[in-house]
Amino acid sequence: MVRAYSQEHTYKHPWERVTSASWRKFADPENKRILSHILEVDTLNHKLDSSSGKLYTTRAITIHAPGPWFLRKIIRQDICHCVESTVVDAQSRSMQLATRNISLEKYIEVEENIRYDPHPDNPKLWTICKQETSIRIKPLSALASMAEKIEQKCVDKFQANSAKGREVMERMCKYLEAESRGISA
């Protein structure tokens, strides 16, 4: 069974500020406290395609292993490695992030897709964020009810972490707004 959910959030900030905040959210010391499930973020590569003007970036993200504590005890692993692939198209003002785990795959599969676009109601000043996440617990497929409960716990945790991420993004946007006005935040 796969648990999937989607969320939308409107940032009342322009697309350029929101996407800048997305790049900077993991580097800020205050954000590291809020996003405590994220242990490390490393840029593996980035490439600017001169013909299309698109920026392609790949980052490695190390997090605390998802799921309830007893699942981490069963699999004997506390961390999970993920890969985030990002495509930024400044010309069309679109940023797409796709993240998936590359460790613990025999136990859990998580895929997250996030897209930032100018909001259709106010494209110059607002940004819409659409997030889709799917979670699948694998070895417990035979024990469907238990797998469903663990998947739901994972969904609950991911949704809580998404709320923290939105909080961080809002804070970063306000910081960047103040920075652009020459005001110390």
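**Entry 1: helices and strands**

I began with the secondary structure, and the chain has 4 helices and 7 strands. I took helices as DSSP runs of H or I with at least four residues, and strands as runs of E with at least two, numbered from the N terminus. Reading along the sequence, I noted the pattern β-α-α-β-β-α-β-β-β-β-α.

I reminded myself that this is a predicted model: local features need pLDDT of at least 70, side-chain atom pairs count only at pLDDT 80 or more, and totals for chains, interfaces and linings use all residues. Residues are numbered from 1 along each chain as its sequence is written, and side-chain values use heavy atoms, with hydrogens and water left out.

Two strands pair if DSSP finds at least two bridges between them.

**Entry 2: strand 4 and its neighbours**

Next I followed strand 4 (residues 79–89), which runs antiparallel to strand 3 (residues 54–64) and is joined to strand 3 by 11 bridges. Two of the facing pairs I looked up are Leu55 opposite Val88 and Lys54 opposite Asp89. On to strand 5: 8 bridges join strand 4 to strand 5, again antiparallel. These two strands form a hairpin with 4 residues between them, and Arg93 in the turn has a positive phi of about 55°.

I also checked Cys80, which is found in strand 4. Is Cys80 buried or exposed? Cys80 counts as buried, because its relative accessibility is 1%. My cut-offs are these: buried means under 20% relative accessible area, exposed means over 50%, and partly exposed lies in between (1.4 Å probe, protein chains only). The C-alpha atoms of Cys80 and Asn101 are separated by 6.9 Å, with the two residues 21 apart along the chain.

**Entry 3: Asp89**

Asp89 sits in strand 4 as well, and its bridge partner in strand 5 is Ser94. Which residues does Asp89 touch? Leaving out residues up to four places away in sequence, Asp89 touches Trp15, Lys54 and Ser94. Contact means heavy atoms within 4.5 Å.

Asp89 is buried yet has no salt bridge, and the nearest side chain of opposite charge, Lys54, is 4.2 Å away. For charge, Lys and Arg count as positive and Asp and Glu as negative, while His and the chain ends are not counted. A salt bridge is a side-chain nitrogen of Lys or Arg within 4 Å of a carboxyl oxygen of Asp or Glu.

**Entry 4: salt bridges**

How many salt bridges does a search of the whole structure find? It finds 8, and I looked at some of them.

- Glu16 forms a salt bridge with Arg93, with the closest N and O atoms 3.1 Å apart. This pair links distant parts of the chain, 77 residues apart: Glu16 is in helix 1 (residues 15–24), and Arg93 is in the loop between strand 4 and strand 5 (94–101). Glu16 counts as partly exposed, because its relative accessibility is 41%.
- Glu30 and Arg33 meet in a salt bridge through their side chains (2.5 Å, N to O). They are separated by about one helical turn, because they are 3 residues apart in helix 2 (residues 29–34). Glu30 is partly exposed at 33% relative accessible area, whereas Arg33 is exposed at 56%.
- Arg181 and Glu177 have side chains that meet in a salt bridge (3.1 Å, N to O). Arg181 counts as exposed at 59% relative accessibility, and Glu177 is partly exposed at 22%.

**Entry 5: the whole chain**

Last, I wrote down some totals. Buried residues make up 41% of the 185 residues in the chain. Among contacts between residues at least 6 apart in sequence, 56% join residues at least 24 apart. The accessible surface comes to about 10600 Å², of which 52% belongs to carbon and sulfur atoms. Accessible areas come from the Shrake-Rupley method with a 1.4 Å probe, and for residues only the protein chains shown count as cover.
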